[in-house]
Amino acid sequence: MLEKMEKFDTMKVINEFEELTKNAEQVQRDTLRRILEENAEAEYLQELGINARTDVETFKQCVPLVTHKDLEHYMQRIMDGDNSPILTGKPLPNISLSSGTTQGKPKFLPFNDELFENTMQIYQTSFAYRNREFPIGNGKGLLFIYSSKHFKTKGGLSAGTATTNVFRHPQFRTSMKTIQSQSCSPDEVIFGSDFHQSLYCHLLCGLLHLEEVQFVSSTFAHSLVQAFQTFELVWEDLCSDIRDGVLNESITDPNIRAAMARILKPNPQLADTIHGICSGLSKWYGLIPKLFPNAKYVYGIMTGSMEPYLKQLRRYAGWLPLVCADYGASEGWIAANVNPRSPPESATFAVLPNIGYFEFIPLRDDIIGGFEPKPVGLTEVKIGEEYEIIVTTFAGLYRYRLGDRVKIMGFHNKTPELKFVCRQNLMLSINIDKNTEKDLQIAVEEASKLLVSEKIEVIDFTSHIDKSKDPAHYVIFLELSGDADENVLKECCNALDRAFVDPGYMGSRKIRTIGPLELRVLRKGTFHKILLHYLSMGAAVSQFKTPRFVGINNKALLQIICSNVVKSYFSTAFE
Ligand code: AMP
(Lines give C-alpha, C1' and ligand atoms only; values in the text may rest on other atoms or scores of the structure.)
Protein backbone atom coordinates (compact mmCIF):
# COMPACT_ATOMS: atom_id res chain seq x y z
CA MET A 1 0.00 0.00 0.00
CA LEU A 2 2.79 2.39 0.94
CA GLU A 3 4.75 1.84 -2.25
CA LYS A 4 1.80 2.75 -4.43
CA MET A 5 1.11 5.97 -2.59
CA GLU A 6 3.15 8.50 -4.53
CA LYS A 7 1.87 11.67 -2.93
CA PHE A 8 1.11 11.91 0.75
CA ASP A 9 -2.59 12.44 1.36
CA THR A 10 -2.81 14.05 4.81
CA MET A 11 -6.60 13.99 5.11
CA LYS A 12 -6.89 10.39 3.95
CA VAL A 13 -4.50 9.24 6.69
CA ILE A 14 -6.29 11.35 9.30
CA ASN A 15 -9.69 9.99 8.26
CA GLU A 16 -8.41 6.41 8.42
CA PHE A 17 -7.10 6.98 11.93
CA GLU A 18 -10.38 8.58 13.00
CA GLU A 19 -12.27 5.50 11.75
CA LEU A 20 -9.89 3.06 13.45
CA THR A 21 -10.15 4.84 16.78
CA LYS A 22 -13.95 5.12 16.64
CA ASN A 23 -14.07 1.34 16.53
CA ALA A 24 -11.14 0.75 18.87
CA GLU A 25 -12.71 -2.17 20.74
CA GLN A 26 -13.64 -4.14 17.62
CA VAL A 27 -10.32 -3.29 15.98
CA GLN A 28 -8.50 -4.67 19.05
CA ARG A 29 -10.45 -7.96 18.86
CA ASP A 30 -9.72 -8.23 15.13
CA THR A 31 -6.05 -7.41 15.68
CA LEU A 32 -5.70 -10.11 18.32
CA ARG A 33 -7.44 -12.58 16.01
CA ARG A 34 -5.02 -11.73 13.17
CA ILE A 35 -1.98 -12.07 15.42
CA LEU A 36 -3.14 -15.44 16.71
CA GLU A 37 -4.12 -16.73 13.25
CA GLU A 38 -0.84 -15.69 11.67
CA ASN A 39 1.10 -17.36 14.48
CA ALA A 40 -1.11 -20.36 15.17
CA GLU A 41 1.80 -22.66 14.28
CA ALA A 42 4.11 -21.08 16.85
CA GLU A 43 5.38 -23.58 19.41
CA TYR A 44 4.97 -21.01 22.18
CA LEU A 45 1.21 -20.72 21.59
CA GLN A 46 0.73 -24.41 20.95
CA GLU A 47 2.41 -25.32 24.25
CA LEU A 48 -0.05 -23.05 26.05
CA GLY A 49 -2.94 -25.07 24.62
CA ILE A 50 -4.61 -22.15 22.89
CA ASN A 51 -5.61 -24.61 20.20
CA ALA A 52 -6.07 -22.16 17.33
CA ARG A 53 -8.74 -20.22 19.27
CA THR A 54 -8.45 -16.49 18.72
CA ASP A 55 -10.91 -14.83 21.11
CA VAL A 56 -9.87 -12.47 23.88
CA GLU A 57 -11.25 -14.63 26.69
CA THR A 58 -9.34 -17.81 25.69
CA PHE A 59 -6.23 -15.75 25.05
CA LYS A 60 -6.31 -14.28 28.56
CA GLN A 61 -7.03 -17.68 30.11
CA CYS A 62 -4.27 -19.59 28.35
CA VAL A 63 -1.48 -17.08 27.92
CA PRO A 64 0.44 -15.88 31.00
CA LEU A 65 1.90 -12.41 31.52
CA VAL A 66 5.63 -12.58 30.86
CA THR A 67 8.74 -10.45 31.06
CA HIS A 68 11.74 -10.57 28.76
CA LYS A 69 13.47 -13.03 31.09
CA ASP A 70 10.78 -15.65 30.40
CA LEU A 71 11.50 -15.49 26.68
CA GLU A 72 15.28 -15.53 26.75
CA HIS A 73 15.65 -19.24 25.97
CA TYR A 74 13.25 -18.98 23.00
CA MET A 75 15.21 -16.00 21.67
CA GLN A 76 18.46 -17.90 22.12
CA ARG A 77 17.19 -20.82 20.03
CA ILE A 78 16.05 -18.43 17.30
CA MET A 79 19.40 -16.64 17.28
CA ASP A 80 21.25 -19.95 17.16
CA GLY A 81 19.50 -20.77 13.89
CA ASP A 82 16.45 -22.89 14.86
CA ASN A 83 14.00 -21.72 12.22
CA SER A 84 11.06 -23.86 13.24
CA PRO A 85 8.00 -21.77 14.22
CA ILE A 86 8.98 -20.85 17.79
CA LEU A 87 7.41 -17.50 18.61
CA THR A 88 6.00 -16.67 15.19
CA GLY A 89 4.43 -18.68 12.39
CA LYS A 90 7.04 -17.55 9.86
CA PRO A 91 10.76 -17.57 10.76
CA LEU A 92 12.04 -14.22 12.03
CA PRO A 93 14.31 -12.39 9.58
CA ASN A 94 15.92 -10.02 12.11
CA ILE A 95 16.75 -9.52 15.75
CA SER A 96 16.50 -6.14 17.47
CA LEU A 97 18.69 -5.06 20.33
CA SER A 98 17.07 -2.69 22.79
CA SER A 99 19.24 0.26 23.81
CA GLY A 100 20.18 -1.48 27.05
CA THR A 101 20.51 1.85 28.77
CA THR A 102 17.42 1.39 30.91
CA GLN A 103 18.13 -2.12 32.15
CA GLY A 104 21.93 -2.25 32.07
CA LYS A 105 22.22 -4.76 29.22
CA PRO A 106 20.61 -4.89 25.77
CA LYS A 107 17.66 -7.24 25.30
CA PHE A 108 17.37 -9.40 22.19
CA LEU A 109 13.94 -9.04 20.62
CA PRO A 110 12.12 -10.25 17.50
CA PHE A 111 11.85 -7.95 14.46
CA ASN A 112 9.97 -8.74 11.25
CA ASP A 113 8.25 -7.11 8.27
CA GLU A 114 5.07 -6.56 10.26
CA LEU A 115 6.98 -4.43 12.79
CA PHE A 116 8.43 -2.46 9.90
CA GLU A 117 4.91 -1.90 8.53
CA ASN A 118 3.74 -0.79 12.00
CA THR A 119 6.62 1.68 12.13
CA MET A 120 5.62 3.15 8.79
CA GLN A 121 1.98 3.34 9.88
CA ILE A 122 2.80 5.23 13.04
CA TYR A 123 5.21 7.59 11.24
CA GLN A 124 2.52 8.20 8.67
CA THR A 125 -0.20 8.85 11.26
CA SER A 126 1.67 11.37 13.37
CA PHE A 127 3.13 12.98 10.25
CA ALA A 128 -0.39 13.60 8.93
CA TYR A 129 -1.48 15.40 12.10
CA ARG A 130 1.82 17.29 12.26
CA ASN A 131 1.66 18.29 8.64
CA ARG A 132 -1.87 19.61 9.05
CA GLU A 133 -0.59 22.01 11.74
CA PHE A 134 2.86 22.75 10.34
CA PRO A 135 2.97 22.01 6.60
CA ILE A 136 6.51 21.44 5.44
CA GLY A 137 6.13 21.02 1.69
CA ASN A 138 8.89 19.21 -0.16
CA GLY A 139 11.86 20.63 1.69
CA LYS A 140 14.52 18.72 3.55
CA GLY A 141 14.88 17.63 7.17
CA LEU A 142 18.10 17.82 9.15
CA LEU A 143 17.84 14.38 10.74
CA PHE A 144 20.41 13.33 13.31
CA ILE A 145 20.00 9.63 12.71
CA TYR A 146 22.70 7.02 13.12
CA SER A 147 22.87 3.36 12.42
CA SER A 148 24.29 0.93 14.99
CA LYS A 149 26.69 -1.84 14.13
CA HIS A 150 24.93 -4.78 12.53
CA PHE A 151 26.13 -8.31 13.19
CA LYS A 152 25.10 -11.87 12.39
CA THR A 153 23.93 -14.16 15.17
CA LYS A 154 25.35 -17.69 15.45
CA GLY A 155 22.44 -18.90 13.33
CA GLY A 156 22.97 -16.23 10.65
CA LEU A 157 20.19 -13.76 11.52
CA SER A 158 21.11 -10.10 11.16
CA ALA A 159 20.90 -8.18 14.43
CA GLY A 160 21.03 -4.47 15.27
CA THR A 161 19.01 -1.88 17.15
CA ALA A 162 15.34 -1.59 16.18
CA THR A 163 15.91 1.83 14.59
CA THR A 164 18.77 0.38 12.52
CA ASN A 165 16.54 -2.51 11.42
CA VAL A 166 14.02 0.08 10.25
CA PHE A 167 16.62 2.26 8.45
CA ARG A 168 18.11 -0.81 6.77
CA HIS A 169 14.81 -2.28 5.65
CA PRO A 170 14.71 -2.55 1.82
CA GLN A 171 11.50 -0.51 1.72
CA PHE A 172 12.57 2.25 4.10
CA ARG A 173 13.63 4.82 1.51
CA THR A 174 10.57 4.30 -0.71
CA SER A 175 8.17 4.43 2.21
CA MET A 176 9.75 7.48 3.79
CA LYS A 177 9.76 9.39 0.52
CA THR A 178 5.99 9.53 0.62
CA ILE A 179 5.69 10.51 4.27
CA GLN A 180 8.59 12.76 5.04
CA SER A 181 10.88 15.12 3.25
CA GLN A 182 14.35 13.87 2.50
CA SER A 183 17.24 13.84 4.93
CA CYS A 184 19.96 16.39 4.11
CA SER A 185 22.60 13.73 4.66
CA PRO A 186 23.53 10.95 2.27
CA ASP A 187 23.22 7.32 3.43
CA GLU A 188 26.99 7.08 3.88
CA VAL A 189 26.71 9.61 6.74
CA ILE A 190 23.79 7.80 8.41
CA PHE A 191 25.53 4.43 8.10
CA GLY A 192 29.02 5.77 8.88
CA SER A 193 31.44 3.67 10.92
CA ASP A 194 32.08 6.33 13.56
CA PHE A 195 29.43 8.34 15.34
CA HIS A 196 31.55 11.52 15.76
CA GLN A 197 32.27 11.60 12.04
CA SER A 198 28.60 11.06 11.18
CA LEU A 199 27.53 13.82 13.56
CA TYR A 200 30.03 16.30 12.12
CA CYS A 201 28.84 15.54 8.59
CA HIS A 202 25.14 15.71 9.54
CA LEU A 203 25.85 19.25 10.75
CA LEU A 204 27.79 20.06 7.61
CA CYS A 205 25.03 18.68 5.35
CA GLY A 206 22.44 20.74 7.24
CA LEU A 207 24.47 23.91 6.70
CA LEU A 208 24.96 23.14 3.01
CA HIS A 209 21.16 22.94 2.65
CA LEU A 210 20.45 25.71 5.12
CA GLU A 211 17.61 27.36 3.18
CA GLU A 212 15.89 24.06 2.39
CA VAL A 213 15.77 22.65 5.93
CA GLN A 214 12.11 22.52 7.02
CA PHE A 215 12.56 20.79 10.37
CA VAL A 216 15.30 19.46 12.63
CA SER A 217 14.90 16.07 14.23
CA SER A 218 16.39 13.03 15.97
CA THR A 219 14.85 9.94 17.56
CA PHE A 220 15.46 11.15 21.14
CA ALA A 221 15.96 14.77 22.29
CA HIS A 222 19.27 13.78 23.84
CA SER A 223 20.84 13.42 20.37
CA LEU A 224 19.59 16.88 19.36
CA VAL A 225 21.18 18.54 22.38
CA GLN A 226 24.35 16.61 21.81
CA ALA A 227 24.43 17.64 18.14
CA PHE A 228 24.19 21.35 18.91
CA GLN A 229 26.62 21.10 21.84
CA THR A 230 29.05 19.67 19.30
CA PHE A 231 28.17 22.48 16.91
CA GLU A 232 29.29 25.00 19.57
CA LEU A 233 32.71 23.35 19.52
CA VAL A 234 33.19 22.76 15.79
CA TRP A 235 31.33 25.58 14.05
CA GLU A 236 34.51 27.31 12.98
CA ASP A 237 35.82 24.07 11.44
CA LEU A 238 32.50 23.67 9.63
CA CYS A 239 32.78 27.22 8.28
CA SER A 240 36.27 26.64 7.01
CA ASP A 241 35.22 23.35 5.29
CA ILE A 242 32.45 25.27 3.52
CA ARG A 243 34.74 28.18 2.65
CA ASP A 244 37.41 25.95 1.05
CA GLY A 245 35.16 23.12 -0.13
CA VAL A 246 37.43 20.63 1.63
CA LEU A 247 36.28 18.23 4.34
CA ASN A 248 38.09 18.40 7.69
CA GLU A 249 40.82 15.78 7.78
CA SER A 250 39.54 14.33 11.05
CA ILE A 251 36.83 12.67 8.92
CA THR A 252 38.60 9.50 7.84
CA ASP A 253 35.76 7.13 6.85
CA PRO A 254 36.41 6.71 3.08
CA ASN A 255 32.71 6.22 2.25
CA ILE A 256 31.75 9.40 4.06
CA ARG A 257 34.59 11.32 2.43
CA ALA A 258 33.54 10.16 -1.03
CA ALA A 259 29.88 11.05 -0.43
CA MET A 260 30.72 14.46 1.05
CA ALA A 261 33.09 15.26 -1.82
CA ARG A 262 30.07 15.07 -4.13
CA ILE A 263 28.20 17.82 -2.27
CA LEU A 264 30.90 20.03 -0.74
CA LYS A 265 32.07 22.85 -3.04
CA PRO A 266 33.89 26.07 -2.04
CA ASN A 267 31.29 28.60 -0.90
CA PRO A 268 32.89 31.58 0.93
CA GLN A 269 29.61 33.47 0.92
CA LEU A 270 27.77 30.73 2.81
CA ALA A 271 30.69 30.41 5.24
CA ASP A 272 30.49 34.17 5.92
CA THR A 273 26.74 33.98 6.51
CA ILE A 274 27.11 31.15 9.06
CA HIS A 275 30.05 32.89 10.72
CA GLY A 276 28.00 36.06 11.02
CA ILE A 277 25.04 34.22 12.57
CA CYS A 278 27.16 32.35 15.12
CA SER A 279 29.14 35.42 16.15
CA GLY A 280 25.94 37.38 16.72
CA LEU A 281 24.26 34.93 19.10
CA SER A 282 24.18 35.22 22.85
CA LYS A 283 24.58 31.84 24.58
CA TRP A 284 23.45 30.20 21.34
CA TYR A 285 19.83 31.19 21.99
CA GLY A 286 17.78 30.60 18.83
CA LEU A 287 20.66 28.90 17.00
CA ILE A 288 18.36 26.52 15.07
CA PRO A 289 15.94 29.10 13.57
CA LYS A 290 18.79 31.52 12.93
CA LEU A 291 20.74 28.93 10.95
CA PHE A 292 17.71 27.40 9.26
CA PRO A 293 15.34 30.27 8.52
CA ASN A 294 12.67 28.02 6.97
CA ALA A 295 12.57 25.44 9.78
CA LYS A 296 9.03 25.05 11.15
CA TYR A 297 9.71 22.91 14.23
CA VAL A 298 12.10 20.70 16.14
CA TYR A 299 10.98 17.08 16.40
CA GLY A 300 11.96 14.06 18.54
CA ILE A 301 11.01 12.09 21.65
CA MET A 302 11.07 14.71 24.40
CA THR A 303 8.94 13.05 27.06
CA GLY A 304 9.87 10.79 29.98
CA SER A 305 13.59 10.46 30.52
CA MET A 306 14.16 13.09 27.79
CA GLU A 307 12.42 15.90 29.75
CA PRO A 308 15.61 16.94 31.56
CA TYR A 309 17.10 17.99 28.20
CA LEU A 310 14.25 20.37 27.34
CA LYS A 311 15.87 23.42 28.89
CA GLN A 312 19.01 22.99 26.82
CA LEU A 313 16.98 22.17 23.72
CA ARG A 314 14.77 25.26 24.12
CA ARG A 315 17.85 27.45 24.16
CA TYR A 316 18.86 26.13 20.73
CA ALA A 317 15.29 26.01 19.36
CA GLY A 318 14.48 29.59 20.43
CA TRP A 319 10.99 30.45 19.21
CA LEU A 320 10.42 27.26 17.19
CA PRO A 321 7.84 24.80 18.54
CA LEU A 322 9.13 21.56 20.06
CA VAL A 323 7.00 18.72 18.67
CA CYS A 324 7.03 15.36 20.46
CA ALA A 325 7.61 12.15 18.55
CA ASP A 326 5.63 8.96 19.10
CA TYR A 327 5.69 6.33 21.82
CA GLY A 328 7.07 2.87 21.28
CA ALA A 329 9.89 0.52 22.11
CA SER A 330 12.12 -2.01 20.39
CA GLU A 331 9.38 -4.51 21.25
CA GLY A 332 6.85 -2.62 19.11
CA TRP A 333 5.07 0.68 18.58
CA ILE A 334 2.21 1.79 20.80
CA ALA A 335 0.87 5.30 20.25
CA ALA A 336 1.16 8.39 18.06
CA ASN A 337 1.24 12.08 18.86
CA VAL A 338 -1.90 13.41 17.19
CA ASN A 339 -1.83 16.75 19.06
CA PRO A 340 1.43 18.17 17.74
CA ARG A 341 0.86 21.62 19.22
CA SER A 342 1.01 20.29 22.80
CA PRO A 343 4.26 21.26 24.49
CA PRO A 344 6.40 18.29 25.63
CA GLU A 345 5.34 18.71 29.27
CA SER A 346 1.72 17.95 28.37
CA ALA A 347 2.19 15.71 25.34
CA THR A 348 -0.07 12.66 25.07
CA PHE A 349 -0.08 9.70 22.70
CA ALA A 350 -3.13 8.06 21.11
CA VAL A 351 -2.86 4.27 20.95
CA LEU A 352 -3.09 2.76 17.45
CA PRO A 353 -5.59 -0.06 17.98
CA ASN A 354 -4.47 -2.12 14.97
CA ILE A 355 -0.72 -2.41 15.54
CA GLY A 356 -0.85 -4.73 18.53
CA TYR A 357 -3.13 -5.98 21.27
CA PHE A 358 -2.80 -3.87 24.40
CA GLU A 359 -3.63 -4.52 28.04
CA PHE A 360 -3.13 -2.38 31.11
CA ILE A 361 -2.38 -3.37 34.73
CA PRO A 362 -3.91 -0.82 37.13
CA LEU A 363 -1.31 0.73 39.43
CA ARG A 364 -3.43 2.38 42.09
CA ASP A 365 -1.78 2.89 45.48
CA ASP A 366 -4.71 1.20 47.21
CA ILE A 367 -4.19 -2.03 45.29
CA ILE A 368 -2.13 -4.09 47.69
CA GLY A 369 0.75 -6.03 46.14
CA GLY A 370 0.95 -9.82 46.13
CA PHE A 371 -2.18 -10.49 44.07
CA GLU A 372 -2.01 -11.69 40.49
CA PRO A 373 -2.34 -8.46 38.46
CA LYS A 374 -5.69 -8.12 36.64
CA PRO A 375 -5.11 -6.26 33.38
CA VAL A 376 -7.92 -4.41 31.63
CA GLY A 377 -8.42 -3.90 27.90
CA LEU A 378 -7.58 -0.84 25.80
CA THR A 379 -11.06 0.65 25.92
CA GLU A 380 -11.62 -0.18 29.62
CA VAL A 381 -8.97 2.13 31.06
CA LYS A 382 -10.07 5.09 33.19
CA ILE A 383 -9.05 8.72 32.83
CA GLY A 384 -6.63 9.86 35.53
CA GLU A 385 -5.50 6.32 36.40
CA GLU A 386 -1.97 4.96 35.97
CA TYR A 387 -1.20 1.57 34.42
CA GLU A 388 1.64 -0.71 33.45
CA ILE A 389 1.36 -1.49 29.77
CA ILE A 390 1.32 -5.03 28.31
CA VAL A 391 1.82 -5.71 24.62
CA THR A 392 1.03 -8.53 22.23
CA THR A 393 2.68 -7.94 18.87
CA PHE A 394 2.82 -9.27 15.33
CA ALA A 395 6.46 -10.20 15.99
CA GLY A 396 5.85 -12.94 18.55
CA LEU A 397 5.50 -11.25 21.95
CA TYR A 398 2.38 -12.34 23.82
CA ARG A 399 1.18 -10.51 26.97
CA TYR A 400 4.64 -9.05 27.42
CA ARG A 401 5.20 -6.62 30.29
CA LEU A 402 6.96 -3.67 28.75
CA GLY A 403 7.86 -2.16 32.11
CA ASP A 404 6.49 1.31 31.35
CA ARG A 405 4.07 3.26 33.55
CA VAL A 406 1.54 5.41 31.69
CA LYS A 407 -1.30 7.70 32.77
CA ILE A 408 -4.60 7.99 30.90
CA MET A 409 -5.24 11.65 30.10
CA GLY A 410 -8.30 11.32 27.87
CA PHE A 411 -9.65 9.55 24.81
CA HIS A 412 -9.30 10.17 21.10
CA ASN A 413 -12.63 8.78 19.97
CA LYS A 414 -12.56 5.37 21.74
CA THR A 415 -8.81 4.93 22.03
CA PRO A 416 -6.96 6.21 25.10
CA GLU A 417 -4.57 9.14 24.97
CA LEU A 418 -1.80 8.40 27.39
CA LYS A 419 1.06 10.22 28.98
CA PHE A 420 4.32 8.41 29.53
CA VAL A 421 5.12 8.53 33.27
CA CYS A 422 8.30 6.51 33.74
CA ARG A 423 9.85 3.08 33.60
CA GLN A 424 7.99 0.94 36.07
CA ASN A 425 11.00 -0.67 37.72
CA LEU A 426 11.92 0.97 40.99
CA MET A 427 15.34 2.45 41.04
CA LEU A 428 16.08 3.95 44.38
CA SER A 429 15.09 1.74 47.29
CA ILE A 430 17.04 0.89 50.43
CA ASN A 431 14.37 -0.38 52.80
CA ILE A 432 10.75 0.86 52.74
CA ASP A 433 11.52 3.84 50.46
CA LYS A 434 10.39 3.68 46.84
CA ASN A 435 11.57 6.25 44.31
CA THR A 436 11.23 5.99 40.58
CA GLU A 437 13.04 7.62 37.70
CA LYS A 438 10.33 10.31 37.76
CA ASP A 439 10.93 11.07 41.48
CA LEU A 440 14.63 11.40 40.77
CA GLN A 441 13.89 13.75 37.88
CA ILE A 442 11.71 15.95 40.12
CA ALA A 443 14.42 16.05 42.81
CA VAL A 444 17.05 17.12 40.28
CA GLU A 445 14.69 19.82 38.97
CA GLU A 446 14.35 21.17 42.52
CA ALA A 447 18.11 21.30 42.96
CA SER A 448 18.63 22.90 39.56
CA LYS A 449 16.40 25.83 40.54
CA LEU A 450 19.12 26.85 42.99
CA LEU A 451 21.66 26.95 40.18
CA VAL A 452 19.70 29.42 38.06
CA SER A 453 21.10 32.45 39.93
CA GLU A 454 24.60 31.12 39.16
CA LYS A 455 23.60 30.76 35.47
CA ILE A 456 24.48 27.09 35.64
CA GLU A 457 22.54 24.22 34.08
CA VAL A 458 22.46 20.53 34.93
CA ILE A 459 23.90 18.82 31.85
CA ASP A 460 22.93 15.33 32.99
CA PHE A 461 22.48 13.19 36.08
CA THR A 462 22.31 9.69 37.45
CA SER A 463 22.05 7.94 40.82
CA HIS A 464 23.38 5.07 42.90
CA ILE A 465 22.86 3.49 46.30
CA ASP A 466 25.96 3.36 48.44
CA LYS A 467 25.79 0.41 50.82
CA SER A 468 29.46 0.44 51.74
CA LYS A 469 28.64 2.01 55.12
CA ASP A 470 25.71 1.45 57.44
CA PRO A 471 23.16 2.97 57.01
CA ALA A 472 23.14 3.00 53.22
CA HIS A 473 22.43 6.28 51.44
CA TYR A 474 21.38 7.72 48.06
CA VAL A 475 24.12 9.18 45.84
CA ILE A 476 23.14 11.66 43.13
CA PHE A 477 25.70 12.45 40.43
CA LEU A 478 25.38 15.77 38.58
CA GLU A 479 27.36 17.10 35.64
CA LEU A 480 27.06 20.90 35.57
CA SER A 481 27.68 23.44 32.84
CA GLY A 482 30.03 25.53 35.04
CA ASP A 483 31.62 25.88 38.49
CA ALA A 484 29.04 26.63 41.16
CA ASP A 485 29.68 28.27 44.49
CA GLU A 486 30.38 25.83 47.39
CA ASN A 487 27.46 27.06 49.47
CA VAL A 488 25.06 26.76 46.54
CA LEU A 489 26.16 23.17 45.98
CA LYS A 490 25.66 22.36 49.67
CA GLU A 491 22.15 23.77 49.38
CA CYS A 492 21.57 21.73 46.21
CA CYS A 493 22.50 18.62 48.16
CA ASN A 494 19.99 19.49 50.90
CA ALA A 495 17.34 20.29 48.29
CA LEU A 496 17.83 16.88 46.67
CA ASP A 497 17.45 15.15 50.03
CA ARG A 498 14.26 17.06 50.85
CA ALA A 499 12.77 16.55 47.40
CA PHE A 500 12.24 12.80 47.80
CA VAL A 501 8.90 13.20 49.50
CA ASP A 502 7.87 9.55 49.55
CA PRO A 503 6.93 8.77 53.19
CA GLY A 504 9.17 5.69 53.25
CA TYR A 505 12.21 7.81 52.44
CA MET A 506 11.41 10.74 54.71
CA GLY A 507 10.55 8.44 57.64
CA SER A 508 13.75 6.44 57.19
CA ARG A 509 15.84 9.59 56.95
CA LYS A 510 14.33 10.96 60.17
CA ILE A 511 15.06 7.81 62.16
CA ARG A 512 18.41 7.47 60.37
CA THR A 513 17.87 4.05 58.82
CA ILE A 514 18.89 5.80 55.60
CA GLY A 515 21.99 8.00 55.77
CA PRO A 516 22.35 11.59 54.51
CA LEU A 517 22.05 11.92 50.74
CA GLU A 518 25.33 12.52 48.95
CA LEU A 519 25.76 14.83 45.98
CA ARG A 520 28.76 14.05 43.81
CA VAL A 521 29.66 16.60 41.14
CA LEU A 522 31.16 15.09 37.99
CA ARG A 523 33.88 16.39 35.72
CA LYS A 524 32.58 17.99 32.50
CA GLY A 525 32.33 15.43 29.74
CA THR A 526 31.61 12.44 32.00
CA PHE A 527 28.25 11.70 30.39
CA HIS A 528 29.85 11.82 26.99
CA LYS A 529 32.26 9.12 28.20
CA ILE A 530 29.22 7.12 29.33
CA LEU A 531 27.67 7.42 25.88
CA LEU A 532 30.91 6.23 24.27
CA HIS A 533 31.04 3.32 26.71
CA TYR A 534 27.56 2.20 25.58
CA LEU A 535 28.40 2.68 21.93
CA SER A 536 31.44 0.46 22.38
CA MET A 537 29.05 -2.24 23.60
CA GLY A 538 26.93 -2.01 20.44
CA ALA A 539 24.29 0.55 21.48
CA ALA A 540 23.16 3.13 18.90
CA VAL A 541 23.20 6.87 19.47
CA SER A 542 19.69 7.02 18.01
CA GLN A 543 18.30 5.01 20.92
CA PHE A 544 20.60 6.14 23.72
CA LYS A 545 19.05 7.03 27.06
CA THR A 546 21.24 8.03 29.97
CA PRO A 547 21.01 5.32 32.64
CA ARG A 548 19.38 7.04 35.62
CA PHE A 549 20.57 4.45 38.10
CA VAL A 550 23.91 2.72 38.31
CA GLY A 551 23.76 -0.60 40.14
CA ILE A 552 26.68 -2.19 41.92
CA ASN A 553 26.83 -4.92 39.24
CA ASN A 554 27.40 -2.43 36.46
CA LYS A 555 31.08 -2.24 37.35
CA ALA A 556 32.36 -0.62 34.16
CA LEU A 557 29.86 2.21 34.39
CA LEU A 558 30.37 2.71 38.11
CA GLN A 559 34.10 2.90 37.48
CA ILE A 560 33.69 5.63 34.82
CA ILE A 561 31.42 7.65 37.08
CA CYS A 562 33.35 7.27 40.33
CA SER A 563 36.68 8.13 38.71
CA ASN A 564 35.24 11.42 37.44
CA VAL A 565 33.92 12.82 40.71
CA VAL A 566 35.42 16.24 41.47
CA LYS A 567 33.50 17.23 44.60
CA SER A 568 31.17 15.58 47.06
CA TYR A 569 28.73 16.89 49.68
CA PHE A 570 26.54 15.24 52.32
CA SER A 571 23.10 16.57 53.15
CA THR A 572 22.44 18.24 56.47
CA ALA A 573 18.73 18.56 55.70
CA PHE A 574 17.48 16.21 58.43
CA GLU A 575 19.88 17.21 61.24
P1 AMP B 1 14.37 1.01 23.59
O2 AMP B 1 13.57 -0.16 23.19
O3 AMP B 1 15.57 0.65 24.37
O4 AMP B 1 14.65 1.93 22.49
O5 AMP B 1 13.52 1.87 24.62
C6 AMP B 1 12.13 1.91 24.63
C7 AMP B 1 11.71 2.69 25.85
O8 AMP B 1 11.93 4.09 25.62
C9 AMP B 1 10.23 2.60 26.13
O10 AMP B 1 9.89 1.40 26.79
C11 AMP B 1 10.03 3.84 26.98
O12 AMP B 1 10.45 3.61 28.30
C13 AMP B 1 10.97 4.84 26.31
N14 AMP B 1 10.21 5.64 25.33
C15 AMP B 1 9.93 5.37 24.05
N16 AMP B 1 9.17 6.32 23.48
C17 AMP B 1 8.96 7.25 24.43
C18 AMP B 1 8.24 8.47 24.48
N19 AMP B 1 7.61 8.98 23.43
N20 AMP B 1 8.25 9.14 25.66
C21 AMP B 1 8.91 8.66 26.72
N22 AMP B 1 9.59 7.52 26.73
C23 AMP B 1 9.62 6.82 25.61
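Rings of Phe, Tyr and Trp (for Trp, the six-membered ring) are treated as a pair if their centres lie within 6.5 Å, with planes under 30 degrees apart counted as stacked, over 60 as edge-to-face and the rest as tilted. By this criterion, Phe134, Phe215, Tyr297 and Tyr299 are linked by ring pairs into a cluster. The model is a predicted one, in which local features need pLDDT of at least 70 and side-chain atom pairs count only at pLDDT 80 or more, whereas totals for chains, interfaces and linings use all residues. Residues are numbered from 1 along each chain as its sequence is written, and side-chain values use heavy atoms, with hydrogens and water left out.

In total, 23 aromatic pairs are present in the structure. Tyrosine 146 and phenylalanine 195 make an edge-to-face pair, with 5.3 Å from centre to centre and 75° between the planes. Because tyrosine 146 lies in the loop between strand 3 (140-144) and strand 4 (151-152) and phenylalanine 195 in helix 10 (residues 195-208), this pair ties together parts that are 49 residues apart in sequence. Helices (H or I, at least four residues) and strands (E, at least two) are DSSP runs, numbered from the N terminus. Tyrosine 146 and phenylalanine 195 are both buried; buried denotes under 20% relative accessible area, exposed over 50%, and partly exposed the range in between (1.4 Å probe, protein chains only).

A tilted pair is formed by phenylalanine 228 and tyrosine 316, at 5.7 Å centre to centre and 40° between the planes. Phenylalanine 228 belongs to helix 11 (residues 221-244) and tyrosine 316 to helix 15 (residues 310-317), so parts that are 88 residues apart in sequence are tied together by the pair. Phenylalanine 228 and tyrosine 316 are buried. Arginine 315 lies over the face of tyrosine 316, at 5.2 Å from the ring centre; a charge sits over a ring if NZ of Lys or CZ of Arg is within 6 Å of the ring centre and within 35 degrees of the ring normal. Arginine 548 is placed over the face of phenylalanine 461, at 4.1 Å from the ring centre.

The buried residues in helix 18 (residues 503-510) include Gly504, Tyr505, Ser508 and Arg509. They lie on the same side of helix 18 because they cover an arc of only 125° around the axis, the arc being that of the directions from the helix axis to the C-beta atoms. Exposed residues Pro503 and Lys510 are carried on the face of helix 18 turned away from its buried side. Strand 18 (473-480) and helix 17 (486-499) pack against the buried residues of helix 18. At the start of helix 18, a side-chain oxygen of aspartate 502 comes to within 3.0 Å of the backbone nitrogen of glycine 504.

Leucine 109 in strand 2 is the bridge partner of serine 96. Strand 1 also pairs with strand 5 (residues 158-161), in the parallel sense and over four bridges, and leucine 97 stands opposite threonine 161 in strand 5.

Terms used: Contact = heavy atoms within 4.5 Å. Polar contact = N/O pair within 3.5 Å; in protein donor to acceptor, adjacent residues only side chain to side chain. Pairing = 2+ DSSP bridges.
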